[in-house]
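Hi,

Here is the structure I promised to pass on. Have a look at it first, then read my notes below.

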Amino acid sequence: MVLMLSVERLVKRRGSREILTDVTFRAAPGRVTGLLGPNGAGKSSTLRILLGLDRADAGTALVDDQPYRRLRQPLRTVGSMLEGSGAHRSRTARNHLTWMARSNGIPIRRVAEVLDQVGLGAAGGTRVGRFSLGMCQRLGLAAALLGEPRALVLDEPVNGLDPEGIRWIRVLLRGHADAGGTVLLSSHLMREVDEIADDLVVIAHGRVVAAGPIREVTAGYPTLEDAFFALTGPTAGGR
Amino acid sequence: MIRACARATVAELTKLFGLPAALAAVFGTIGAAVAISGALAASPVGANEPVAVVLQAVPYLQAGTISLGVLAVGTEYADGQIHTTLLCVPDRLAVPAAKTIAYLAWAAGTVVAALAVGLLTARIALATRDVPVVTDGFPWTVVGAAVHLALIGLLGLAFAALLRAVVSALVVTLSLVLVVSPVLDAVTPHARYLPDQAGGLLYLPDPARVLTPATGLLVLLGWVVVIGSAAVTAFRRRDA
Amino acid sequence: MTFFDAVAAEIRKTATLPATMVALAVTVLGPVAITLINAIGVRAALRSGRSELTAYTSPVDAVFSAVPIGTVGAVVLGVVAVSGEYTANSARIGGGRQITTTLTAIPNRLGVLAAKAVTVALLVAVAALVVIPASLALASGIVGADAPPAPEGVLSRAVGAGIYWLLTALIALAVTVFTRNGIVPIIVLVVNSSLVSVSVLLSHLTPLARFLPDLAGMSMFAGDLLAFDDALAPVTGGLVMATWTAGLLALAGAVFLRRDA
């Protein structure tokens with residue numbers, strides 16, 4: 001069964017400032033889609049609207065044909081990770097994943113499984129406040145994988161990971177997409193996106209400035225980095 | 001819908017169990033019940049009857065259930081946990097409902113244990129002073145005190161949901177209940193409509209007989225409902 | 001860096017915290033608001049000739065019974081001055097704690113603590129200088145000609161209330177250095193700010209309770225409002241409370257000096 005993430009003409013205002021303007025793109029099953037843009041471009045806002053945390057002023061963001069807020073057991077459909085662990089610092093990692101599992105009717109054995117999978121098997125009883133940035137990131141990934149979801153939505157997943165962790169997540173995401181899953185990740189790190197993504201959505205100042213398979217977006221530029229600066233720089237216009 | 005709410009409630013119960021501060025609030029309340037009942041029963045000017053002793057300790061125990069209620073909701077707003085909660089349970093009504101039920105379950109256990117242990121302590125302390133213990137029938141006032149304690153903590157929970165922070169919710173609720181209320185009680189009869197004094201009629205007689213225990217309970221519930229609905233309305237509208 | 005610079009830095013840091021602003025507002029507006037309600041209640045009782053309706057009939061007591069709400073503000077001021085240093089930033093912005101920055105900027109730890117204490121003391125003193133005279137004026141303005149003759153010692157009680165707030169804020173600061181977290185000191189000290197505190201309860205058990213910092217200090221301003229009998233004399237009480245404060249601050253200094261940030 002395939003699962004499409006689609007964002008259609010999204011508009012979001014904060015006060016009088018428009019932080020997203022007509023943002024439209026899709027993340028298709030079997031592919032890794034990279035949402036690329038400089039800091040403050042609107043990547044996180046887009047993902048937060050897709051995940052039902054923030055409301056859009058106009059437009060739709062759908063998981064298959066439904067908004068996230070209508071999903072019955074969302075963790076079984078979309079696994080997601082925002083920046084930070086998302087766990088109160090005084091909890092243990094195991095307690096955090098256990099309450100998440102209970103809220104979606106996920107078997108409790110999954111908690112130990114995902115902790116092992118992300119390399120935190122020995123740290124399940126440690127309070128999250130004692131975790132390093134990299135460990136928090138791994139806990140966030142464990143939470144995303146908990147419900148064996150078909151789609152993964154990850155905000156800056158490689159932040160704070162060591163080189164070994166970055167390689168591990170690359171293999172993990174590739175495997176997820178090759179098995180028919182959908183992966184949407186945001187990043188401002190071009191090299192990582194270049195190596196992981198099949199499709200690219202470049203966003204700058206709240207607008208999509210380029211979207212498509214990575215080779216098409218970077219066609220005409222020597223590297224992704226050149227393409228990125230040309231597309232998002234102060235003189236760039238939409239293509 | 002019912003199953004989703006049940007799952008959310010089980011998750012909230014698990015969440016409270018994993019919060020060391022919530023466990024500290026529970027055991028702190030029970031410990032305070034022992035210490036205060038013991039002190040009151042041992043004091044020569046105190047009451048000479050276990051139920052009366054425990055009822056005198058109730059105003060202090062309010063701090064315990066208020067802390068529990070504030071922590072249950074206020075800690076969501078530290079470390080971005082509220083995002084995780086809403087990713088797990090996107091329904092903006094199911095989350096407050098599940099929180100309320102989970103809090104009430106924990107609070108009920110806490111106050112029943114605290115009042116029972118307090119009664120026992122008072123009985124022992126009075127016995128050591130050779131005060132004859134009189135018991136006449138089932139102490140319904142203690143049940144009223146338990147209901148009051150659970151609901152006053154629910155007021156703390158509602159304030160925490162409105163203010164989205166542990167410390168400010170604690171300051172507001174504790175000052176209202178423990179500082180402002182006794183101060184105003186000295187000057188105006190309208191103080192009886194403050195949440196703690198209205199709820200207090202569940203276990204204390206009202207000499208003025210303006211409110212009955214039932215109407216007092218309604219006034220306290222009214223406070224909880226008004227502040228709780230303001231919090232839920234804001235929660236549904238604003239971005240997480 | 002001189003001590004003066006450290007104090008200037010602390011004032012800037014503390015005074016711009018939103019929590020400090022809220023605490024100052026509570027310290028100032030809380031007693032004024034409660035004084036207003038108290039004074040209206042007293043006036044109503046006096047005019048109707050039923051003075052038994054209120055616990056007191058003097059506009060002065062309408063002010064001093066409102067002191068505990070200002071104490072809450074002082075407690076919060078003392079607590080946030082320290083707990084703000086230990087609150088981790090949201091994990092989304094790195095999860096760092098300000099204490100690291102503070103101690104790298106000013107490595108002299110006792111200097112940091114002293115600067116914090118001076119800052120909190122200054123803020124509370126300014127608040128007290130504004131709010132107590134304002135409340136007294138408000139209360140006598142409202143109760144007006146109906147008031148019974150003013151009791152003696154209003155000035156010394158007013159000064160006492162200000163000192164009580166100041167010392168309470170410093171005790172809150174010292175206790176928060178031990179706990180490194182604001183929740184426990186807030187619960188304990190707010191509960192004990194009330195005129196029916198746990199200390200009053202203890203006073204039924206042992207006369208030694210009057211030497212507890214809050215009961216000793218309340219004798220500086222409470223007069224007949226204090227619900228217990230053998231209170232210390234105001235000056236003695238103030239000295240006892242000041243000794244507690246100095247002792248707790250010294251202990252906090254020792255802990256702060258030895259502990260890893």
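This is a predicted model: local features need pLDDT of at least 70, side-chain atom pairs count only at pLDDT 80 or more; totals for chains, interfaces and linings use all residues.

Residues 21–42 of chain C are 100% helix and 0% strand, with 31 Å between the end C-alpha atoms. That stretch is one of those that UniProt, in an unreviewed entry, lists as "transmembrane region". Residues 117–142 of chain C are also on that UniProt list. This span, too, is 100% helix and 0% strand, and its end C-alpha atoms are 37 Å apart.

Next, where chain B meets chain A. On the chain B side 25 residues are in contact with 31 residues of chain A. Helices H1 (2–17), H2 (20–42) and H4 (81–88) of chain B each give at least two residues to that side, and H1(B) has the largest share, with 7 residues. Sorted by class, the chain B side has 14 nonpolar, 7 polar and 4 charged residues.

Now stay inside chain B. How do H2(B) and helix H5 (residues 94–128) of chain B pack? Their axes are 8 Å apart and the angle is about 25°. Angles under 35 degrees count as roughly parallel, so H2(B) is roughly parallel to H5(B). The crossing is right-handed. If you want to click through the contact, H2(B) brings residues including B:Val26, B:Ile30 and B:Ala33, while H5(B) brings B:Trp106, B:Leu115 and B:Val117, among others.

Terms used: Residues are numbered from 1 along each chain as its sequence is written. Chains are lettered from A and ligands numbered from 1 in the order in which they are written. Two residues are in contact if their C-beta atoms, placed from the backbone, lie within 7 Å. Helices (H or I, at least four residues) and strands (E, at least two) are DSSP runs, numbered from the N terminus. Ala, Val, Leu, Ile, Met, Phe, Trp, Tyr, Cys and Pro count as nonpolar, Asp, Glu, Lys and Arg as charged, and the others, Gly among them, as polar. Axes are lines fitted to C-alpha atoms, for helices over the stretch in contact, and angles run from 0 to 180 degrees between N-to-C directions. Angles under 35 degrees count as roughly parallel, over 145 as roughly antiparallel, 65 to 115 as roughly perpendicular and the rest as oblique. A crossing is left-handed if the near helix is turned anticlockwise from the far one by less than a right angle, and right-handed if clockwise. UniProt positions are given in the numbering used here, feature names are shortened, and annotations may be inferred rather than shown by experiment.
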